[in-house]
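Let's take a walk through a protein model together. Keep the sequence and the 3D view open as you read.

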Amino acid sequence: MSFVVGLVIGLVVGLGLIVAFVRSENARSNSRSQLAATIAAFARMTVEDSRKLLAPEYYPSWVVFSQQQKLKWLNEHLTKIWPYVDEAASELIKTNVEPILEQYRPIILSSLKFSKLTLGTVAPQFTGVSIIEDGCTDGITMELEMQWDGNPSIILDIKTRVGVGLPVQVKNIAFTGVFRLIFKPLVDELPCFGAVCFSLRHKKKLDLTLKVIGGDISAIPGISDAIEGTIRDAVEDSITWPVRIVIPIIPGDYSDLELKPVGRLEVKLVQAKELTNKDIIGKSDPYAVLYVRPIRSRTKTSKTISNQLNPVWNEHFEFIVEDASTQHLVVKIFDDEGLQASELIGCAQIRLNELEPGKVKDVWLKLVKDLDLQRDNKNRGQVHLELLYCPFGMKNGFTNPFAPEYSMTSLEKVLNSGEEDMDIAENGGDIKNKRREVITRGVLAVTVISADDLAPADVMGKADPYVVVSMKKTAAKNKTRVANDNLNPVWNQTFDFVVEDGLHDMLILEVWDHDTFGKDYMGRCILTLTRVILEGEYKDSFQLDGAKSGKLNLNLKWMPQPIYRDS
């Protein structure tokens, strides 16, 4: 009987403790949410609002300042404490940046270290401040715009591969940028937050000059550009968003605030068209540079297409994403000038938060001269991309047509459940994933239905069009019959192609005008097979490139025959 009574009492006490714990956690959560809302409300409060809350005798004089006066007040105090900031920050920068300089050290150097580093006597000036409302209830995000035309004393001790030692002075630093501060998590004790994260959110300008003490840095070709590139890479990799430095204020575990990869961006660089010609003789030799973070180790470069203003690459690249809400994919198209520096043709970018996770986005991006310019009316061409953002941990309910080498993120989820991709060791359950390459083989049925509004190619204002249908990799080719004297021809002809590698092949359709003694080009369409592999079958219209007008009406159908190869 006593056992039963003890058991009942134990259960009651246990349930009571659980209920008390849950109520306590809910109360803490509500308290934090209310604190975040209160702080955000104070951040939005105007001078007029504050006057309604405080009697004149309790009203601080600094509150009546405008934003410019407050920034002036902040800058005056920063100037006063700058000698102490310089002393503390110089050693901190040296300790943290030196390993990154070594990581990006140019191959022509054997050593790259600081021999002296002080920030000088000129303090930075804050030129703007704002509170960012990002929906977070457990923290406050602030952005400060800063300008610094400093007089630091920075000397780099470098040694070249041939044994020459050079003291290089970094001079005339001019910097403008926006820093982001995140105060998180909010707590009930002063100073009301557990840690501060800071990061360079946007670098607007970074200019500097390199000078060899007692010599000329240009005496060694290429060394100035190499060192400057290393410094810029170090800035990008050490403090530029989404990288953030976490400073604990109250002891605790703040690992959740540190930078972590959150997903993978799959990019297929398909083609570009109507590029600006940068060559006097012949045509440009374009190649593309792509990045999410502009550091050399994470920048991708395509192959160069010689003498072509409408290049077709059809290349695939992968990028790690740390913050899909703020990061961009940047594409820059250059003209390869051989031994000389490449010339920029144009650039474009797309925000990653415009991509729906797990869904392929097919986009044409207009090229501009500078990503920071709001307007660029000159036609510099367009670049064609297929994009897929895959967050880590996303369930296998979507198809990844770009990366079918791993179990069940891929196209062939139809064939296997993923259990067959694992080997269970006999000694007790160690599971080892086998890498499995999927060759996306199949039959592509192309139905050329019709064309609309073709441009006249004959003297009489008509044309005798036909379509040449071909696969880029295999060079398999078919063509429709000729439709005489017709600018809106109807063919309704179907052609089957055996495709050995659907992920890397392309469908090319060229429209020609048939003449007795030759033929005239009327435009073309170039299509990847991504969409038809995903959807199985679709019907659509496609504008003709290289033509004044006209579009092709097509029906595509994919019949898969995938091949697995274990590696």
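## Starting at a strand pair

Let's begin with H328, which stands opposite R351 in strand 13. The strand that pairs with strand 13 here is strand 12 (residues 328-335); eight bridges join the two, and they run antiparallel. A quick word on terms: strands are DSSP runs of E with at least two residues, helices are DSSP runs of H or I with at least four residues, and both are numbered from the N terminus. Two strands pair if DSSP finds at least two bridges between them.

Before going on, know that this is a predicted model, in which local features need pLDDT of at least 70 and side-chain atom pairs count only at pLDDT 80 or more, while totals for chains, interfaces and linings use all residues. Residues are numbered from 1 along each chain as its sequence is written, and side-chain values use heavy atoms, with hydrogens and water left out.

Now look at strand 9 (residues 286-291). Six of its six residues are buried, so the strand is largely enclosed by the rest of the structure. Buried means under 20% relative accessible area, exposed means over 50%, and partly exposed is in between (1.4 Å probe, protein chains only). P286, A288 and L290 point one way from strand 9, while Y287, V289 and Y291 point the other way. Six bridges tie strand 9 to strand 12, running antiparallel, and P286 has D335 in strand 12 as its bridge partner. Strand 9 also has two bridges to strand 10, again antiparallel; there, L290 is partnered by K300.

Another open sheet of four strands has the order 22-19-26-25, with antiparallel pairing. Strand 22 (490-499) and strand 25 (537-543) stand at the edges with a single partner strand each, so one side of each is left without a neighbour in the sheet. On average, neighbouring strands of this sheet are turned by 20° against each other, direction ignored. (The axes behind that angle are lines fitted to C-alpha atoms.)

What joins strand 19 to strand 26? Ten bridges do, between residues 442-452 and residues 551-560, and the two strands run antiparallel. Along this pairing, L444 stands opposite W558 in strand 26.

## Rings and charges

A search of the whole structure finds four aromatic pairs. In one of them, the ring centres of F175 and F179 are 6.1 Å apart and the planes stand at 55°, so this pair is tilted. Here are the cut-offs: rings of Phe, Tyr and Trp (its six-membered ring) pair if their centres lie within 6.5 Å, and planes under 30 degrees apart count as stacked, over 60 as edge-to-face and the rest as tilted. Both F175 and F179 are buried.

The charged end of R244 sits over the ring of W241, 4.8 Å from its centre, and K519 lies over the face of W512, at 4.4 Å from the ring centre. To count, NZ of Lys or CZ of Arg must be within 6 Å of the ring centre and within 35 degrees of the ring normal.

P242 lies in the loop between helix 4 (223-238) and strand 7 (245-248). The bond from K184 to P185 is cis too, with omega near -5°, and P185 lies in the loop between strand 5 (165-183) and strand 6 (195-212).

Next, positive phi angles. N307 has one of about 55° although it is not a glycine; N307 lies in the loop between strand 10 and strand 11 (312-321) and, at 45% relative accessibility, counts as partly exposed. D485 has phi near 45°, and its loop lies between strand 21 (477-479) and strand 22. Is D485 buried or exposed? At 51% relative accessibility, D485 counts as exposed.

## The whole protein

Stepping back, the protein has five helices and 27 strands. Of its 567 residues, 42% count as buried.

How values were computed
Axes are lines fitted to C-alpha atoms, for helices over the stretch in contact, and angles run from 0 to 180 degrees between N-to-C directions.
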